[in-house]
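Please look through the following notes with the structure open beside you.

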Amino acid sequence: MASNPKEQYLAHKGEIDAAVSRVLESGWYIFGEEVVGFEKEFAEYLGAAHAVGVGSGTDALQLALRACGVGPGDEVITVAHTAVATVAAIESAGATPVLVDIEADRYCIDPGQIESAVTEKTKAVVPVHLYGLPADMGAICAIAKKRNLLIIEDCAQATGARYGGKRVGSIGDAAAFSFYPTKNLGALGDGGCVATNSAEIAEKVRLLREYGWAERYISRVPGTNSRLDPIQAAVLRVKLKSLDGDNARRANIAARYNRELAGAGATVPVGREKAEHVYHLYVLSADRRDEMQAFLKTKGVGALVHYPMPVHRQPAYQGRLPGEGRLAETDAAAARVLSLPIYPELADSDVTAVIRAVREFK
């Protein structure tokens with residue numbers, strides 16, 4: 001399997017069980033000290049001024065967009081080679097997604113495609129730090145400054161990654177994080193967070209996540225219900241302490257894959273200057289991807305595809321989010337990418353078995 005949340009729980013079982021018990025015994029089951037504590041610790045980790053816990057990564061992106069003033073009538077530039085949640089969140093905020101192509105070798109948004117997609121309606125760009133690799137934020141920030149665009153980073157797959165020495169999530173106007181159990185920093189259920197250096201944006205997210213309440217039962221603005229659960233916050237506080245070590249282990253596994261799979265019938269991932277990859281996923285590119293995946297399954301290796309169908313080709317979006325002829329690299333990636341197992345608890349012997357199986361594929 002590409003990830004194994006249960007193994008991560010077992011690796012921290014004592015601390016996690018104690019943290020959950022602490023919440024249960026406190027009698028405080030909505031917000032409270034655990035959420036406040038996690039928000040403070042996570043903001044410090046990111047080097048951001050504020051972190052606001054919410055119910056999921058999708059909610060985090062939607063609320064970040066709304067807090068930045070993005071809504072009906074606005075266009076938001078992003079990619080189709082991503083989890084559908086990216087586009088779903090933009091539409092949930094009332095805005096219109098405008099899809100552009102990705103880099104051929106790194107799978108993140110191609111900065112060269114952004115400026116030509118800007119119209120008088122364009123309000124923001126959402127770069128997705130896909131698979132754990134930061135997008136080219138230097139080029140993206142330059143374009144955003146020139147064209148007066150907001151940047152809302154989609155950091156769902158890249159918690160802990162750096163670009164230019166800064167953690168992703170501290171670079172744009174706001175950022176969205178997911179704590180889905182398979183993520184590098186994963187909860188034991190859904191959870192998310194908005195990070196920002198703007199006190200105004202952070203306060204708007206706090207209002208929006210709980211019905212727009214500035215005081216209980218009094219809605220200052222129309223809001224929703226998207227609260228980070230204190231049990232999940234307590235679990236995240238435990239795991240945050242080990243995140244850099246866990247990411248280092250991911251990088252070590254990836255380095256071994258890179259060395260031993262080069263020339264083995266697939267293309268290994270490409271890094272980026274100034275960027276630190278945290279390998280949420282280790283993604284090969286293979287001409288005979290489906291055959292390789294089937295062969296690996298016979299060898300007991302669970303390799304997955306992230307993602308088999310670009311957003312613009314999915315039934316819910318086909319025909320209304322045009323991409324035909326414009327997203328050639330996106331379509332090519334969807335036919336070639338294959339994710340190998342990678343998670344901190346993966347044993348060296350299992351890494352050896354994965355390498356052997358890939359190299360046996362003919």
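1. Leu340 is in contact (heavy atoms within 4.5 Å) with Ala2, Tyr257, Leu261, Tyr282, Leu284, Leu296, Ala303, Val354 and Val358, once its neighbours within four places in sequence are left aside. This is a predicted model, in which local features need pLDDT of at least 70 and side-chain atom pairs count only at pLDDT 80 or more, while totals for chains, interfaces and linings use all residues. Residues are numbered from 1 along each chain as its sequence is written, and side-chain values use heavy atoms, with hydrogens and water left out.

2. Tyr257 and Leu340 have the most contacts inside the largest nonpolar core, which has 57 residues. Such a core is a set of buried (under 20% relative accessible area, 1.4 Å probe, protein chains only) Ala, Val, Leu, Ile, Met, Phe, Trp, Tyr and Cys residues joined through side-chain atoms within 4.5 Å. Helix α13 (residues 348-360) gives the largest share of this core, five residues; a helix here is a DSSP run of H or I, at least four residues.

3. Two cavities of 30 Å³ or more are present, a cavity being a set of points on a 1 Å grid where a 1.4 Å probe fits but cannot get out, with lining residues having an atom within 4 Å of a point. The largest cavity holds about 90 Å³ of space, and among its 13 lining residues Gln8, Pro181, Thr182, Lys183 and Arg250 lie nearest its centre. Its lining divides into four nonpolar, five polar and four charged residues.

4. The second largest cavity holds about 70 Å³, and its lining includes Asp105, Arg106, Tyr107 and His277. Eight nonpolar, one polar and two charged residues make up that lining.

Key. Buried < 20%, exposed > 50% of the residue type's maximum accessible area, 1.4 Å probe, protein only. Helix = DSSP H or I, 4+ residues; strand = E, 2+ residues; numbered from the N terminus. 1 Å grid on protein atoms, 1.4 Å probe; cavity = no way out; pocket = protein on both sides within 12 Å on 5 of 7 lines; lining within 4 Å. Points joined across faces, edges and corners; volume = space filled by probe spheres on them. Nonpolar A, V, L, I, M, F, W, Y, C, P; charged D, E, K, R; others polar.
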